[in-house]
Amino acid sequence: MPDPQTFTDEELLAYMDERLPTVRAAELERQLRDSDVLRDRLTLLLQSVERGDLTLGAMWRRGRWSCPQ
């Protein structure tokens with residue numbers, strides 16, 4: 001069985017935003033079919049985003065902000 005920890009939360013968020021490289025996204029989709037744990041992690045992250053998670057880190061990831069000069 002695939003290890004659901006193979007993917008970071010940042011990769012899962014990138015997948016939801018369609019920013020994950022194609023090869024990595026294909027591997028994630030294969031693992032999602034076989035792993036309840038990975039599907040649960042993705043669901044929790046999606047709920048967090050939908051809930052309007054307003055932490056600085058969440059906003060930075062969603063907005064793809066860079067550091068000020």
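Q: Is Glu 18 buried or exposed?
A: This is a predicted model, where local features need pLDDT of at least 70, side-chain atom pairs count only at pLDDT 80 or more, and totals for chains, interfaces and linings use all residues. Residues are numbered from 1 along each chain as its sequence is written, and side-chain values use heavy atoms, with hydrogens and water left out. Buried means under 20% relative accessible area, exposed over 50%, and partly exposed in between (1.4 Å probe, protein chains only). Glu 18 has 74% relative accessibility, so it counts as exposed.

Q: Where does Glu 18 lie?
A: Helices are DSSP runs of H or I with at least four residues, and strands are runs of E with at least two, numbered from the N terminus. Phi of Glu 18 is positive, near 60°. Most residues other than glycine have a negative phi. Glu 18 lies in the loop between α1 and α2 (22–34).

Q: How many helices does the chain have?
A: Read along the sequence, the pattern is α-α-α-α. There are 0 strands, and the number of helices is 4.

Q: Is Leu 12 buried or exposed?
A: Leu 12 sits in helix α1 (residues 9–16). Leaving aside neighbours within four places in sequence, Leu 12 is in contact (heavy atoms within 4.5 Å) with Phe 7, Leu 28, Leu 38, Arg 41, Leu 42 and Leu 45. Its relative accessible area is 0%, so Leu 12 is buried.

Q: Which residue meets Glu 11 in a salt bridge?
A: A salt bridge is a side-chain nitrogen of Lys or Arg within 4 Å of a carboxyl oxygen of Asp or Glu. Here the N to O distance is 2.7 Å, and the partner of Glu 11 is Arg 24. The pair links distant parts of the chain, 13 residues apart: Glu 11 is in helix α1, and in helix α2 is Arg 24.

Q: What is the distance between the closest N and O atoms of Arg 39 and Asp 36?
A: Both residues lie in helix α3, 3 residues apart, about one turn of the helix. Arg 39 is partly exposed at 32% relative accessibility, whereas Asp 36 is exposed at 51%. They form a salt bridge, with closest N and O atoms separated by 2.0 Å.
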